[in-house]
Amino acid sequence: MKGGSINDKKEQEVIGLIASSFAYGRVWAILKIVGDILNKMNSTPREYLINSSIEDIKHEFEGLEYRFTTGTEIVNFLSGIKNVLKE
């Protein structure tokens, strides 16, 4: 998928999955981590995950942490979404 946008239903599904998975803690913290993730993906997480290698995802997200969730766990989560999208 080239040229995805935040208005694309398939993009919205991935955004919803990411946002709901980090919906623990204070609202401002949730908005920050989801914003940080989406910014790294240019607000098109489906397109980003489909077109990125696992190494790209590791490079981009390994240092990111949210509360008790490590960067490695975030990478594994996003890699899992990538694998589902490939199916």
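Predicted model: local features only at pLDDT ≥ 70, side-chain atom pairs only at ≥ 80, totals over all residues.

Colleague: What makes Asn-42 count as exposed?

Modeller: Its relative accessibility is 64%. Exposed means over 50% relative accessible area, buried means under 20%, and partly exposed is in between, using a 1.4 Å probe and protein chains only. Residues are numbered from 1 along each chain as its sequence is written, and side-chain values use heavy atoms, leaving out hydrogens and water.

Colleague: Where do Asn-42 and Ser-43 sit?

Modeller: Asn-42 lies in the loop between helix 2 (27-40) and helix 3 (45-51), and Ser-43 is found in that loop too. Helices here are DSSP runs of H or I with at least four residues, numbered from the N terminus.

Colleague: What is the phi of Asn-42, and what is that of Ser-43?

Modeller: Phi is near 55° for Asn-42, a positive value in a residue other than glycine. Ser-43, not a glycine either, has a positive phi of about 60°. Most residues other than glycine have a negative phi.

Colleague: On to the helices. How do you know what span to expect for helix 5?

Modeller: The expected span is 1.5 Å times one less than the number of residues. Helix 5 has 16 residues, so it should span 22 Å, and its end C-alpha atoms are 22 Å apart, which agrees.

Colleague: Which residues of helix 5 are buried, and how are they arranged around its axis?

Modeller: Gly-71, Ile-74, Val-75, Leu-78, Ser-79, Ile-81 and Lys-82 are the buried ones. They fall within an arc of 155° seen down the axis of helix 5, so they line one face. The arc is taken from the directions from the helix axis to the C-beta atoms. Asn-76 and Val-84 are exposed on the face turned away from that buried side. What covers the buried residues includes helix 1, helix 3 and helix 4.

Colleague: What makes the contact between helix 4 and helix 5?

Modeller: Helix 4 (residues 54-61) and helix 5 (residues 71-86) pack at about 145°, with axes 9 Å apart. Helix 4 brings Ile-54, Ile-57, Lys-58 and Phe-61, and helix 5 brings Gly-71, Ile-74, Val-75, Leu-78, Ser-79 and Lys-82. Contact means heavy atoms within 4.5 Å.

Colleague: And how do you know that Ile-57 is buried?

Modeller: Its relative accessible area is 0%, which is under the 20% cut-off, so buried it is. Ile-57 lies in helix 4. Leaving out residues up to four places away in sequence, Ile-57 touches Tyr-48, Leu-49, Ser-52, Glu-62, Val-75, Leu-78, Ser-79 and Lys-82.

Colleague: Last one: which residues of helix 1 are buried, and what puts them where they are?

Modeller: Glu-11, Val-14, Ile-15 and Ile-18. They cover an arc of only 100° around the axis, which puts them on the same side of helix 1. Lys-9 and Glu-13 are exposed on the other side. Helix 2, helix 3 and helix 5 are among what covers the buried residues of helix 1.

Key. Axes fitted to C-alpha atoms, helices over the stretch in contact; angles between N-to-C directions. Helix = DSSP H or I, 4+ residues; strand = E, 2+ residues; numbered from the N terminus.
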